[in-house]
Amino acid sequence: MALFNEDISINSILGNGSAIKGNIKVDGFIRIDGDLDGDLAATGNVILGDNARIRGNITARSITVGGMVYGNIIAPEGVHLLSKSMVLGNVQTKRLQADDDVILHGHCISLKDEKEYADSVIAWENKQAIGTVWKA
């Protein structure tokens, strides 16, 4: 179930058993039940079904995760991790909801206040940039 009801029209679907290798950009709402090896950018909501497996970063308004994500999630309006879902990556959101039996392995920023959220995102990005310089 999506976090917000005003955007219920699904623009795109990647069905169960389907696989895409490459980046996807969607204007609106997308549901994925298959495999994606690439980044996903959506202007609306994203629903990942129980069988979805994503290897890439996801940027959307909000996201509901039922399957597995191996990458970072940026969803300012909200992230809902359903029971038995797994995220191996960083999460940035203003509202995080996690059901029982969830695996989240990464850095998480979940702050409702707009200024605190923005400040924390900037601080995290600066820390990541410094770490990249030292590795080079």
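## A tour of salt bridges

Select Arg 53 to begin: with 47% relative accessibility, Arg 53 counts as partly exposed, because that class lies between the 20% and 50% cut-offs. Keep in mind as you explore that this model is predicted.

Next, select Asp 101 and Lys 84. Here you will find another salt bridge between side chains, at 3.9 Å from N to O. This pair also links distant parts of the chain, 17 residues apart. Look for Asp 101 in the loop between β16 (96-98) and β17 (103-105), and for Lys 84 in the loop between β13 (78-81) and β14 (86-88). Both residues, Asp 101 and Lys 84, are exposed.

For the next stop, go to helix α1 (residues 114-135) and pick Lys 115 and Asp 119. They are 4 residues apart, about one turn of the helix, and their side chains meet in a salt bridge at 2.9 Å, N to O. Colour the two by exposure: Lys 115 is exposed, with a relative accessible area of 57%, whereas Asp 119 is partly exposed at 40%.

How many salt bridges does the count come to? The count is 4 salt bridges.

Methods. Residues numbered from 1 in each chain as written. Predicted model: local features only at pLDDT ≥ 70, side-chain atom pairs only at ≥ 80, totals over all residues. Heavy atoms only, no water. Buried < 20%, exposed > 50% of the residue type's maximum accessible area, 1.4 Å probe, protein only. Helix = DSSP H or I, 4+ residues; strand = E, 2+ residues; numbered from the N terminus.
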